[in-house]
Amino acid sequence: MQATMKAVRLTAIGRPLEMMEIPLPAVGPQDVLVQVRAAGICHSDAHYRAGVSPAGPLPLTLGHEVSGVVAQVGELVSGWRPGDRACLHYLATCGHCAYCHQGTEQFCVAGQMIGKQRDGGYAEFIVVPARSVFPLPDAIPFEQGAVMMCSSATAFHGLRKGRLAAGETVAVFGAGGLGMSAIQLARAMGSLRIFAVDRDAGRLALAERLGAVPVRTDSPGVDATTPLDQDCQSSVADEIRRLNGGRGVDVALDFVGVPATMRPAIASLAPFGRVVAVGLGDQPVPIYPYQEIIGREAEIIGCSDHLASEIPLLTELVRRGSLDLAPVVTEVIPLDAAAINAALDRLERYGAGGVRTVIEV
Ligand SMILES: [Zn+2]
Ligand SMILES: [Zn+2]
């Protein structure tokens, strides 16, 4: 095997990523070396490059949405052979702390996210612990296997945290990458009615094609920023109730994380409803304890990342076509620093939407 490899790396905050020739990573006894075939470019990567979210130590190879082919396995690893198709859980975990033992390894005391805290997939090869490697069926193209591992996996975890049951109604706030997966997965989990709330008509049109009832926040009478009335309703929540026969929803997923979406998400709940907070917000959100939570026995649930144990089920839903990721992969580029920087520039200017650029290696 070759001794060095190409990697596109963050060398300084606020600077363009650079192509470097670096040594192939060492493969520990419990590790797997994967030859990268596809790596998704995520909005988070633009945040790491700009210094909006911390990443490092530098230099660091970005890329946390990765699929590929097993190239080499550590001496204690069983079940994997060179040539096997694989997709990677984006957390490299220790496997033996209390959180890892109870299957909640997103809180691993030594956990490191690939492409953020350790080298990621904008490279020819990546090394990860074997427990982060999952089979990728032949029926799923590498590009879809890569993008599945970030937004789809987290949307799936959000629906599971919300304990969505067959027959229940769902409201999805933010019809971007996470929202598109959430709508399809909610259908696969038996939701009979899904509302999609967004400002963007194009995103809502795609949400509608995927089976959601569109609720546009800037259409007349529907404005997420309208002050609350005395009944603690916002006009978006009122519109959802009107469209849902006067009833609230059982699960509301907030993928945006601002008061303008969290407020109507809370206000739209039916008795026993659950809001799942996924979008990363840093502003306080007012809550009326009696009217909105106590009186309805409602819940607000945090959702951070996703679980390794959810990946096989998610993979099966993609393989069966219950979650179609073909519309999500809108552009394929080579492992090239200029092309990757240009894609990150576009994300900074226009946001992620429901679409992904994927690096094919
Ligand atoms: Zn991502
Ligand atoms: Zn651990």
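**View 1. Strands β3 and β18 run side by side in the antiparallel sense, joined over 4 bridges.** Welcome to this predicted model; we start with a strand from the end of the chain. Within the pair, look for Gly-40, which stands opposite Val-358 in β18. Strand β18 spans residues 356–360 and is mostly covered, with 4 of its 5 residues buried. Strand β18 also pairs with β17 (residues 329–334), here in the parallel sense and over 5 bridges. To find this second pairing, look for Pro-334, whose bridge partner in β18 is Glu-360.

**View 2. The whole protein contains 10 helices and 18 strands.** Step back for a moment to see where the close-ups belong. Along the principal axes, the C-alpha atoms fill a box of roughly 65 × 40 × 35 Å. The radius of gyration is 21 Å, which agrees with the value near 21 Å for a compact globule of 361 residues. Of these 361 residues, 54% are buried. Among contacts with a separation of 6 or more, 71% are between residues 24 or more positions apart.

**View 3. Four cysteines hold the zinc ion (ligand 2).** The donors are the SG atoms of Cys-94, Cys-97, Cys-100 and Cys-108, and they lie 2.3 to 2.4 Å from the ion. If you follow the chain, you will find these donors in the spacing C-x2-C-x2-C-x7-C. The 4 donor atoms make angles of 103 to 117°, and the site is tetrahedral. For comparison, the ideal angle for four tetrahedral donors is 109.5 degrees. How accessible are the donors? Cys-94 has a relative accessible area of 18% and is buried. Cys-97 is buried too, with a relative accessible area of 9%. Both values count as buried because they fall under 20%.

**View 4. The zinc ion (ligand 1) is coordinated by two cysteines, a histidine and a glutamate.** Angles of 91 to 130° among the 4 donor atoms give a tetrahedral site. Along the chain, the donors follow the spacing C-x21-H-E-x84-C. Cys-42 and Cys-150 link distant parts of the chain, as they are 108 residues apart. Cys-42 sits in the loop between β3 (31–41) and α1 (43–50), whereas Cys-150 belongs to helix α3 (residues 142–161). Cys-42 counts as buried, at 5% relative accessibility. Cys-150 is buried as well, with a relative accessible area of 11%.

**View 5. An open sheet is built from 3 strands in the order β2-β1-β4, with antiparallel pairing.** The edges of this sheet are β2 (18–23) and β4 (60–61). Each edge strand has a single partner, so one side of each is left without a neighbour in the sheet. Strand β1 (residues 4–10) pairs with β2 over 6 bridges. A handy landmark here is Lys-6, which stands opposite Glu-21 in β2.

**View 6. Asp-119 lies in the loop between β8 (112–113) and β9 (125–129).** Is Asp-119 buried, partly exposed or exposed? Asp-119 counts as partly exposed, with a relative accessibility of 32%. Its side chain makes a polar contact of 3.1 Å with the side chain of Arg-9. A polar atom of the Asp-119 side chain also lies 2.9 Å from the backbone nitrogen of Thr-61. Beyond its neighbours within four places in sequence, Asp-119 is in contact with several residues, including Pro-59, Leu-60, Ile-114 and Ile-126. Ala-7 is 112 residues away from Asp-119 in sequence, yet their C-alpha atoms are 9.3 Å apart in space.

**View 7. Gly-162 is found in the loop between α3 and β11 (169–173).** At 0% relative accessibility, Gly-162 counts as buried. Which residues does Gly-162 contact, leaving aside its neighbours within four places in sequence? They are Val-251, Arg-274, Val-276 and Ile-301. For Gly-162 and Ala-3, 159 residues apart along the chain, the C-alpha atoms are separated by 47 Å.

Notes. Residues numbered from 1 in each chain as written. Chains lettered and ligands numbered in written order. Predicted model: local features only at pLDDT ≥ 70, side-chain atom pairs only at ≥ 80, totals over all residues. Heavy atoms only, no water. Donors = N, O, S within 2.8 Å, 3.2 Å for Na, K, Ca; no water. Tetrahedral: all angles 85-135°; square planar, octahedral: opposite > 155°, others 65-115°. Buried < 20%, exposed > 50% of the residue type's maximum accessible area, 1.4 Å probe, protein only. Helix = DSSP H or I, 4+ residues; strand = E, 2+ residues; numbered from the N terminus. Pairing = 2+ DSSP bridges. Contact = heavy atoms within 4.5 Å. Polar contact = N/O pair within 3.5 Å; in protein donor to acceptor, adjacent residues only side chain to side chain. Rg over C-alpha atoms; globule rule 2.2 N^0.38 Å.
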